[in-house]
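Here is a brief report on side-chain packing and charge pairing in one protein model. Look at the sequence and structure first, then read on.

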Amino acid sequence: MNTSDFITLLAEHQGKSLLFEYAPGMLVGTNYHITEVKHTTVDAVDCGGNIDTWKETVIQLWESPSELGKPNYMSAYKALGILKKVGTMKAYDMEAPVKIEYGNSMFHTAQLHVADFAIKEGQLILKLTVHPTDCKAKETCGVPETNEAEVTGSCAPGSGCC
């Protein structure tokens with residue numbers, strides 16, 4: 001989801017509570033805050049020597065220990081207000097993908113992609129996912145393309161996965 005789509009989604013559902021599902025059935029606590037919005041430019045060189053540049057909008061969530069058990073989630077309206085304020089201070093690249101940065105004591109800190117959303121009982125639930133790392137220069141590096149269905153959960157000696 002890009003920044004424009006994210007902001008539009010919040011605007012369309014301002015009256016709803018905003019929830020983040022960081023793993024199936026696992027929600028960021030009601031005590032979360034948006035603690036930082038990063039306008040990131042990535043300048044990269046991949047393993048094949050290819051140069052690439054892109055922008056990202058990274059929204060950091062943090063759970064306040066002093067607000068454990070807080071009864072209500074932040075509203076989409078409040079989150080939208082935060083993002084609009086940030087936008088007046090530093091303009092967004094509206095085509096930049098949005099990532100949600102989050103971690104807690106049971107889940108490693110990660111930058112998660114918005115894979116989907118659901119509307120349920122006055123809630124806007126953003127479903128987050130991890131995109132695995134990948135080799136961008138497979139042809140140059142001699143790495144064969146694999147079909148997602150071919151990938152298994154094991155790495156046996158001689159299997160080529162290591």
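## Aromatic cluster

Y102 and F107 are both buried, where buried means under 20% relative accessible area, exposed over 50%, and partly exposed in between (1.4 Å probe, protein chains only). The model is predicted: local features need pLDDT of at least 70, side-chain atom pairs count only at pLDDT 80 or more, and totals for chains, interfaces and linings use all residues. Residues are numbered from 1 along each chain as its sequence is written, and side-chain values use heavy atoms, with hydrogens and water left out.

The structure holds 4 aromatic pairs. Rings of Phe, Tyr and Trp (its six-membered ring) pair if their centres lie within 6.5 Å; planes under 30 degrees apart count as stacked, over 60 as edge-to-face and the rest as tilted. One of the pairs is Y22 with Y102, which is tilted, at 5.0 Å centre to centre and 45° between the planes. This pair links distant parts of the chain: Y22 sits in strand β1 (residues 17-23) and Y102 in strand β5 (residues 98-104), 80 residues apart. Helices (H or I, at least four residues) and strands (E, at least two) are DSSP runs, numbered from the N terminus. Y22 counts as buried because its relative accessibility is 8%. Y102 counts as buried because its value is 1%. Y102 also pairs with F107, and that pair is stacked: 6.4 Å centre to centre, 25° between the planes. Y22, Y102 and F107 form one aromatic cluster.

## Nonpolar core

Which residues touch the most other members of the largest nonpolar core? They are F6, L10, F20, L61, I100 and L126, in a core of 33 residues. A nonpolar core is a set of buried Ala, Val, Leu, Ile, Met, Phe, Trp, Tyr and Cys residues joined through side-chain atoms within 4.5 Å. Two or more residues each come from α1 (3-12), β1, β3, β4, α2 (76-89), β5, β6 (107-120) and β7 (123-129). Helix α2 gives the largest share, 5 residues.

F6 shows the packing in detail. Not counting residues up to four places away in sequence, F6 touches M1, I59, L83, V98, I100, V114 and L126. Contact here means heavy atoms within 4.5 Å.

## Salt bridges

The count comes to 5 salt bridges. The rule asks for a side-chain nitrogen of Lys or Arg within 4 Å of a carboxyl oxygen of Asp or Glu. E21 and K127 meet in one of them, at 3.5 Å, N to O. E21 lies in strand β1 and K127 in strand β7, so this pair ties together parts that are 106 residues apart in sequence. E21 is buried at 16% relative accessibility, and K127 is partly exposed at 29%.

K99 and E56 form another salt bridge, at 2.8 Å, N to O. K99 is in strand β5 and E56 in strand β4, 43 residues apart. K99 is buried, with a relative accessible area of 13%, and E56 is buried as well, at 8%. D134 pairs with K138, the closest N and O atoms being 2.4 Å apart. D134 is exposed, at 59%, while K138 counts as buried, at 13%. E36, K38 and E101 are linked in a network of salt bridges.

## The loop between β3 and β4

D46 lies in the loop between β3 (32-45) and β4 (51-63). The backbone nitrogen of G48 lies 2.8 Å from a polar atom of the D46 side chain. Not counting residues up to four places away in sequence, D46 touches K136 and A137.

N50 is in the loop between β3 and β4 too. N50 is partly exposed, with a relative accessible area of 39%. N50 and A137 are 87 residues apart in sequence and 7.7 Å apart in space, C-alpha to C-alpha. Leaving aside neighbours within four places in sequence, N50 is in contact with A44, V45 and A137.

Terms used. A polar contact is a pair of N or O atoms within 3.5 Å; within protein, one must be able to donate a hydrogen and the other to accept it, and residues adjacent in sequence count only if both atoms are side-chain atoms.
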